[in-house]
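Visitor: I would like a tour of this model, with questions as we go. Could you put it on screen first?

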Amino acid sequence: MSRPIGPVERYYLCRLSMGYCNNGFSIAARFNRPVDDVLLSNALRLMILKNPVFSLNFFRTNPDDKKHNGDNFVVHSVLKIAYDQVVQPLEADSFGPELAERLADEVLPLDTDRPTWKLYNLKLRNNEPSALIFVCNHIFFDGNAGANVFDELLWCLDEVERTKPSSVRTQLFNAEIDNLAPQPALDKIASLYDTPFLFMIKSLLLEIFLPHFLVHFFRVLFQSDFPNTYRYPVFNPVPPKKFNHLGFRLLKFLPLETTQLLARSKQNGLTLTPFIGACAHAAAQEHLVPYANTLQGYKVDQRRSVNVPIALCGRRYVPQNAIQLRFGLYMSQTLPFVPVDLTTVKQIGENLKKQLDATMESRDPFKFAGMLRYVNIWDWFKGELKDPNGRGAIEISNIGCKKFARGHWEVTDLIFTQSVSTSHLTLSVVSTPKGGLHLTVADVDDMELWSNGDKKVMDEFVALFKQNLLS
């Protein structure tokens, strides 16, 4: 059994095939109890049977993806899944930048007879607790879906433990025997990406038919929240490019520090995501913008238009489909620019929160994503990449505080890492009550070469960013 690809899947398929999408992302989980191969293999078997998405891949039926706009792909199950194919041991000195880079280099390809995910059973040589790491291709999972894997796994571990299995299940799935129907495409499950007619006409005019330079000029002239990029050029030191390499820095906030961080954001009248964005934006204006100015031939004190792309989870809009939407891609993105005259964390955060609240109320990014079903995405995306301002500045993906517990099982800590694709920086955030908050900073590798004497500019940025968060 197979199905056609959906419109949002087509967008990610395009980015992957063109090399402008990261390999995927990873979420590491620590548990309150050890997990052995017997329990894990039987739990994974149950998880796959309950959720067909874990058996799927995208398969090309004929060549020339652009010509067919991705419709030359179908989605169906792989033939078989073996335990040792999707669960592998991994050792590292610590959960640090080197491990994050290794995970970011993991490629889980499409059009091959294996699933688009795997688990690493991580053992750390510094005596930190072990962890299971879920690594996946982005095309079937967003960040919240990746976290939900561990909630589902806890349920399966609890169910399986009751049966007291005695042996490792070496084969987790066999398509001929199990005969699973593929999970429907996203637009078939919920109306999240429906596009109203008037919005469609407006978007076609602004994004397709009218020249971009003309639309940009009138937006600067008449749209109050649009940056004057003629006077304050967009922060764009690294243009869009394929197959980004990158650097990582991992910030850990213990539960008490996390409480302090949340209190600090409330003192500023902010929720956590705008607060993080404001702290990063302020640190970027202090360290990244001056260096980029020197690099690009501007005066060192030239103010720049810096945007903060924020990932939006669409599940909140369709709570009636909560069970069906646990896995898959139900996200979009808002791209707020911060006015250059705002300089304090409170001012920047208030502006980000205002723009974020308005976007969440309008749902415009989801309506626009629905528009992609009406265009050839390969042509549209190629046009977007010609824009010298096409790479965003500071992207934030905050998947929230997760409280996963089933029976005697509990997730005590989570770490979320992903690389950059069409942004300069990516901030990946997740927290748990017992493990505190983890914030992973990824930057495009060009910025790893930026230095002031013997100090890396990125190290100076991250130090001030953390100081802004806690001071």
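**Helix, strand and cavity**

Visitor: How many of the 14 residues of α2 are buried?
Guide: Buried means under 20% relative accessible area with a 1.4 Å probe, protein chains only. α2 is largely enclosed by the rest of the structure, because the number of its residues that are buried is 10 of the 14.

Visitor: Which residues of α2 are those?
Guide: This is a predicted model: local features need pLDDT of at least 70, side-chain atom pairs 80 or more, while totals for chains, interfaces and linings use all residues. Numbering starts from 1 along each chain as its sequence is written, and side-chain values use heavy atoms, without hydrogens and water. Helices are DSSP runs of H or I with at least four residues, and strands are E runs of at least two, numbered from the N terminus. In α2, the buried residues are V38, L39, L40, S41, N42, A43, L44, R45, M47 and I48.

Visitor: Which residues of β2 point the other way from F25, I27, A29 and F31?
Guide: β2 is largely enclosed by the rest of the structure, because seven of its seven residues are buried. In a regular strand, side chains alternate between the two faces of the sheet. F25, I27, A29 and F31 point one way from β2, and the residues pointing the other way are S26, A28 and R30.

Visitor: What is the bridge partner of I27 in β15?
Guide: Strands pair if DSSP finds at least two bridges between them. β2 is joined to β8 by five bridges, running antiparallel, and there S26 has V135 as its partner. With β15, β2 pairs over seven bridges, again in the antiparallel sense. The partner of I27 in that strand is F416.

Visitor: How much space lies in the largest cavity?
Guide: A cavity is a set of 1 Å grid points where a 1.4 Å probe fits but cannot get out. The structure holds three cavities of 30 Å³ or more. The space in the largest cavity is about 80 Å³.

Visitor: Which element gives the most to the lining of the largest cavity?
Guide: Its lining has 14 residues, and G24, F25, S26, L103 and A104 lie nearest the centre. Lining residues have an atom within 4 Å of a point. At least two residues each come from β2 (25-31), α5 (97-104), β8 (131-136) and β15 (409-418). With three residues, the element that gives the most is α5.

Notes
1 Å grid on protein atoms, 1.4 Å probe; cavity = no way out; pocket = protein on both sides within 12 Å on 5 of 7 lines; lining within 4 Å. Points joined across faces, edges and corners; volume = space filled by probe spheres on them. Buried < 20%, exposed > 50% of the residue type's maximum accessible area, 1.4 Å probe, protein only.
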